[in-house]
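I opened the coordinates and kept a running notebook. The entries below follow the order in which I looked things up.

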Amino acid sequence: MLGEIKGLNEECGIFGVWGHPESAQLTYYGLHALQHRGQEGAGIVTSDGEHMKIAKGHGLINDVFKQDQLDELEGSASIGHVRYATAGDGSYENIQPLMFRSQTGGLALAHNGNLVNAQALKGQLEAQGSILQTTSDTEVVAHLIKRAGNVPVDEAICQALSMIKGAYAFLMMKEDKLFVANDPRGLRPLSIGYLGDSWVVSSETCAFDIIGASYEREVQPGELIVIDKNGLESKRFAAPIQRTLCSMEHVYFSRPDSNLDGKNVHASRKRMGKALADEAPIEADVVTGVPDSSISAAIGYAEAAGLPYELGLIKNRYVGRTFIQPSQELREQGVKMKLSAVRGIVEGKRVVMVDDSIVRGTTSRRIVKMLKEAGALEVHVRIASPPIENPCYYGIDTSTSGELIAANNSVEEIEKQIGADSLAYLSVDGLNQSIYEGNESLEHGGCMACFTGNYPTEIYPNTVLPYEKA
């Protein structure tokens, strides 16, 4: 899996359908397109207007759902979720969507992101008598909605959303309504589209293409969309704030065929590579990218540098989430389960190896060694983003500062540790211009807290990192 190779994981992807007789099937295909955003669990909730059904489980979407299960998920509305199970957070109860039943009907929730004040809210809720069934931040929102009292559900949701802080893209569903919400800064991507007379919602636009849906627009920061039999209605639960979309969506997480705020991800990554070539040129023979998310940047680097782009590294597509681990003896003999260097391409060459990021450094060191063992004369590492020096509190499992190699070492020290002949990162300005230049909705740039330490929201003293949940 990419996360295992790269050391980064995004928590999840969400997808929803309203008004289609095969909503569960469409959600299955939509989640399949979002599988890169989470491979440890998946779930779907459907509604036929009167009753809601749920199916979920551990594993890839293909592992969790078979045709007979999808056939049982009847209804013209559905929401679905794929997730990456953070440490201590892999229980069945935490797999989303979460569904709650009460005398006033059911409520299903699917969430992408992380709430920085979740621990404080949990303490308040428990002090008031709530009994939490999961360790998920998402459950907090369900309790807050219920505690709003005897008010219309959309008003209760607005009240709940006004109390939470952090990064969130939400899909919520009752028997007769679908709710879509994005946090006031739009830290997480969320788009809405249509398929005939049906509405579809997705973390990434690539999922629309899979099912033949058309893109309508991004869900705006601080917006609550209500969809029911009367159509679509837009409300605001928070005043607009300058959008700060997570920059790592462009750098690493989103698929290259997705668009974020009208910007194609592949094109953004190519611009990153070109900017990197301008900032950090080097005499070399070939350029190669670390599969998969770095290939676009490597192509851009090669074009700007006037060097050939070659497939110097090959990813094994048939290694699943788990496999029989090679023994220490076989590992020492060079058994490479996930990534291999192409000797015929790199042997006798000065290689520029383009990657999207360095988190702990272990992967980069392994790949540099692999290229040199395949005969590369020199390996020059170029990173298409700035050094990751700060933890992320918004749903990405960048490590604590103590584990981030760039938080504790200079570029020269990292270069020596990974065994590269040279190392250079893209500057913050270079990344900002590559992604956001000419985009009015993001003219001041997105969230770059992991690079700069400038967090767009308050960080509470008891904020729990998304991979440290109890």
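Where is D261 found? I located D261 in the loop between β14 (259–260) and β15 (263–264). The model is a predicted one, and I kept that in mind throughout. I read the backbone of D261 next: phi is near 55°, a positive value in a residue other than glycine. I then looked up its accessibility. D261 counts as buried because its relative accessibility is 16%, and the cut-off for buried is under 20%.

**Entry: the whole chain**

I stepped back for the totals. The chain has 18 helices and 21 strands. Of its 470 residues, 57% count as buried. I also checked how far apart in sequence the contacts reach. Among contacts with a separation of 6 or more, 70% are between residues 24 or more positions apart.

β5 and β6 (residues 105–115) run antiparallel, and five bridges join them. Within this pair I found F100 opposite L107 in β6.

**Entry: cis peptide bonds**

A cis peptide bond joins Q96 and P97, with omega about 5°. P97 is in the loop between β4 (77–83) and β5. I also logged a cis bond from P291 to D292, where omega is near -5°. D292 sits in the loop between β16 (286–289) and α11.

**Entry: α10 against α11**

I followed the chain on into α11 and looked at its packing with α10. At what angle do the axes of α10 and α11 cross? The axes of helix α10 (residues 265–279) and helix α11 (residues 295–305) cross at roughly 45° and come within 6 Å. The two helices are therefore oblique to each other. Their crossing is right-handed.

I listed the residues that meet. From α10 they are H266, R269, K270, G273, K274, L276 and A277. From α11 they are S296, A297, I299, G300, Y301, E303, A304 and A305. By class, the residues of this contact divide into seven nonpolar, four polar and four charged.

**Entry: α10 against α17**

I kept α10 and turned to another partner. The axes of α10 and helix α17 (residues 428–436) come within 8 Å and cross at roughly 150°. This crossing is right-handed. Which residues of α10 meet α17? I found S268, R271, M272, A275 and E279 on the α10 side. They meet G430, L431, S434 and I435 in α17. I counted the classes here too: four nonpolar, three polar and two charged.

**Entry: D183**

D183 lies in the loop between β8 (177–182) and β9 (191–195). Is D183 buried or exposed? D183 is buried, with a relative accessible area of 1%. I looked up its contacts, leaving aside neighbours within four places in sequence. They are G166, A167, Y168, R188, P221, G222 and F237. I also took one distance: the C-alpha atoms of D183 and V219 are separated by 9.7 Å, and the two are 36 residues apart along the chain.

**Entry: S364**

I ended with a residue in a helix. S364 has its place in α14 (residues 362–373). Its relative accessibility is 2%, so S364 counts as buried. With which residues is S364 in contact, leaving aside its neighbours within four places in sequence? I found D355, I358 and I418.

Technical notes
Residues are numbered from 1 along each chain as its sequence is written. This is a predicted model: local features need pLDDT of at least 70, side-chain atom pairs count only at pLDDT 80 or more; totals for chains, interfaces and linings use all residues. Side-chain values use heavy atoms; hydrogens and water are left out. Two strands pair if DSSP finds at least two bridges between them. Helices (H or I, at least four residues) and strands (E, at least two) are DSSP runs, numbered from the N terminus. Axes are lines fitted to C-alpha atoms, for helices over the stretch in contact, and angles run from 0 to 180 degrees between N-to-C directions. Angles under 35 degrees count as roughly parallel, over 145 as roughly antiparallel, 65 to 115 as roughly perpendicular and the rest as oblique. A crossing is left-handed if the near helix is turned anticlockwise from the far one by less than a right angle, and right-handed if clockwise. Contact means heavy atoms within 4.5 Å. Ala, Val, Leu, Ile, Met, Phe, Trp, Tyr, Cys and Pro count as nonpolar, Asp, Glu, Lys and Arg as charged, and the others, Gly among them, as polar. Buried means under 20% relative accessible area, exposed over 50%, partly exposed in between (1.4 Å probe, protein chains only).
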